[in-house]
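Please walk through this protein model step by step. Keep the structure in view as you read.

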Amino acid sequence: MPRSVIAIAGVELELFEQGEGPPILFLHNGGGFFPEQPFVSLLSARHRLIAPSHPGFGRSSLPDWIDSADDIAYVHLELMDRLGLAQADIVGCSIGGWIAAELATKSPERVRRLVLVGPEGVKIGPPDKLDIPDIYAMPGDELERISYHDPDIMQIDPSRLTDEELAIIVRNRETTALLVWEPYMHNPKLRHRLHRVTAPTLFLRGESDGLVSDAYLAGYARLLPNARVTTIKAAGHAPHVEQPDVFVRTVLAFLETGAVS
Amino acid sequence: MKAWHFSENAYPYLPPADQYDSIRVSLPNRIYDPEKGAALYDRFLDEWLIAEDEGMEIMLNEHHQTATCVDPAAPLVLAALARLSKKARLLILGNPIANRRQPVRVAEEMAMVDVLSRGRLEAGFVRGVPYEVLPANSNPVRMNEREWEALDLIVKAWTTHDGPFSHEGRFFHYRAVNIWPRCYQQPHPPIWISTTSPSGAAHVGARGFVQATFLTGFDGTRAIYDAYRRGWREAGRGEDVPAHRLAYAAMVYTAPNEADARAGAEKLLWYITSNKVPPHFANPPGYVPVQGNVAMLRGAEHPLSAFRKSASVEGAIEAGIMFAGTPDQVHRQMKKLYDHVGGFGHLLIMGQARVPGARRDGAGHPDVRQGAVPEAQGRIPRYDDHRAGLGPSAKRGRAVRAACREGEQRRVINPLPPRYAR
């Protein structure tokens, strides 16, 4: 997949592009973007897929001034300007969904349709209960268990990865912590801005997602004027990875026809 | 060389370690009995005063949500010690300023203790241990940057005397900083910084602060001190790096005979073996540099973590993190490390672990009365004899040493107050 680097506001932004057709801006989750994952070729079969690595992820640099999803939304808006995209469909997963939601509140007219896959970003529940379980206060195997429908097939084997690949994994975790640590997994302002979003929006949730609950997504969706929620079976917090076929079929149906399965 | 009695105010009355996942962060405080805790505070404060009587200096630190150190507001204990003690230097090592939201408040607390103690404060600053980013809700990423901005702001608050100044930095914002009281020592108390890796030591050396390191053993300590000396020299502070700018914390236990020393040293291992903390608390993202985490993914292990799995007195002595034995043995062990690392001017004696150890295995308080503190003190000046001549504390140390040899420790060691006797 062609990779390039574009300089925006002090960020050397790593950018993957593949396919032709209506543009989809894909905003990756905290794990990062890996072009070899099967959903990528499926999603770019008849679309122009544009997938930046967020600042601090992959091979994108992280300037001092960036420490929030809100900051990154501005970088990606500028990326759309540079690419000449007056409007695009946006698909964001987990914190990528949070960034997409931030972006859509800033410039609603730039978003044609919006897909948020297990997004964080708002506070829905009471103050004495975390909406998203504390991923930094649980053992790694517990985090894997609640993140995936089938944790066994999601294991990484460090011995099969280069030092650079491992460094990217570690750095992605680090930048995720920078963005989500406090307030935990949300921007208190975002819920009061979501009324501005004009794009029809689909919230997608893996049925086995132990991080983002049904109730959370239902509450999140109610904050947008035109949003629906649907689930994907046999998938956890990353349905695009665990069920790429169903994921892409669901996303493309919504983007191309507005249909929700 | 100065000897410091370092106590962490540990709470020893814990269930067996297999009944909890972590001694830090998540251990429920229903386990803590305030009555026992009050008695422990009395006892630890008294032990600091015993140490002072023996010519030692006083050191304390701060940790949060942990049974290993029930001193979550060290400046409060420091304030008590400022009034209870008379002559000892008072080292707090340290204020976890990457986790403190209000650096100016820290500057005020330290200035107040400095005045209360009439200039006996040694103000230490630390980034904060990884387990405490959760209790503080402090972002583990960019902690070093926060620590240094906070420290510079604190020093400026201490040294600005002509009314308010403003600070609009990257992490901290103030419009009118003008602390009362100002420090007793001028321009400000000595500043200490701790580290367990060489990466920050060069910067500490460049600034000329006192560099302390904990349980880093032979090669780890040498690497840190070398980095410090390099930073010192490159900053133009001169070729000679004073020994009193370097400090080393080790577990120390001396006794007149090997059997008693061995028994005491076994209890000291509590400091290592009790620190049961799962990886998700011990290594939050961003705390360790990326390359360090890559090495860990490839199987590397922190030396202390590796040691904990098979902790032994012999292993600890061999690693240079413990000095234990008869006075002569301890002297030889210390000298070996001292020579290997190029010398240091402060020995921070970790004495806290032996106390809970004594309680847990039923050996009781006699261990505290004749414990490591004064005996080790007896050895340090002797070592100092070789290096820097005899001072008043050295003479006292020789008396203690002589008493040790004659098995008459109790003549020179203050007994604890009667309420501690079983």
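Which residue forms a salt bridge with A:R205? The partner is A:D214, and their closest N and O atoms are 3.3 Å apart. Keep in mind that this is a predicted model. Side chains of opposite charge can pair when their charged atoms come close.

A:D70 and A:R193 form a salt bridge, with 3.9 Å between the closest N and O atoms. This pair links distant parts of the chain, as the two residues are 123 residues apart. A:D70 sits in helix α2 (residues 69-82) of chain A. A:R193 lies in the loop between α5 (163-180) and β7 (201-206) of chain A. A:R193 is partly exposed, with a relative accessible area of 30%.

Step back to chain A as a whole. Its secondary structure comes to eight helices and eight strands. The chain has 261 residues, and 56% of them are buried. Take the contacts in chain A with a separation of 6 or more. Of these, 77% are between residues 24 or more positions apart. Chain A exposes about 10,600 Å², and carbon and sulfur atoms supply 51% of that area.

Turn to chain B and find helix α1 (residues 34-53). This helix has 20 residues. From its first C-alpha to its last, α1 of chain B reaches 28 Å, close to the 28 Å expected at 1.5 Å a residue. What caps its N-terminal end? B:D33 does: a side-chain oxygen of B:D33 lies 2.8 Å from the backbone nitrogen of B:E35. After the helix comes B:G55, whose phi is positive, near 90 degrees. Some residues of α1(B) are buried, including B:L40, B:F44, B:W48 and B:I50.

Another helix of chain B holds a salt bridge. B:R105 pairs with B:E109, and their closest N and O atoms are 3.0 Å apart. B:R105 and B:E109 are four residues apart in helix α3 (residues 103-116) of chain B, so about one helical turn separates them. B:R105 is partly exposed, with a relative accessible area of 45%. B:E109 is buried, at 15%. Salt bridges can also share partners: A:R3, A:E14, A:R59 and A:E164 are joined into one network that way. Over all chains, the count comes to 29 salt bridges.

Finally, look where the two chains meet. The contact takes 25 residues from chain A and 21 residues from chain B. The size of an interface is often given as the accessible area lost when the parts come together. Between chain A and chain B, the buried area is about 2,000 Å², and carbon and sulfur atoms give 59% of it. A:V170, A:E174 and A:W181 supply 32% of the area that chain A buries against chain B, more than any other three residues. Three salt bridges are counted between the chains. In one salt bridge, the side chains of A:E182 and B:R101 meet at 3.2 Å, N to O. There are also 10 residue pairs in polar contact between chain A and chain B.

Technical notes:
Residues numbered from 1 in each chain as written. Chains lettered and ligands numbered in written order. Predicted model: local features only at pLDDT ≥ 70, side-chain atom pairs only at ≥ 80, totals over all residues. Heavy atoms only, no water. Expected span 1.5 Å × (residues − 1). Buried < 20%, exposed > 50% of the residue type's maximum accessible area, 1.4 Å probe, protein only. Polar contact = N/O pair within 3.5 Å; in protein donor to acceptor, adjacent residues only side chain to side chain. Salt bridge = Lys/Arg side-chain N within 4 Å of Asp/Glu carboxyl O. Contact = heavy atoms within 4.5 Å. Areas by Shrake-Rupley, 256 points an atom, 1.4 Å probe, with all protein chains shown as cover. Buried area = accessible area lost by both parts, 1.4 Å probe.
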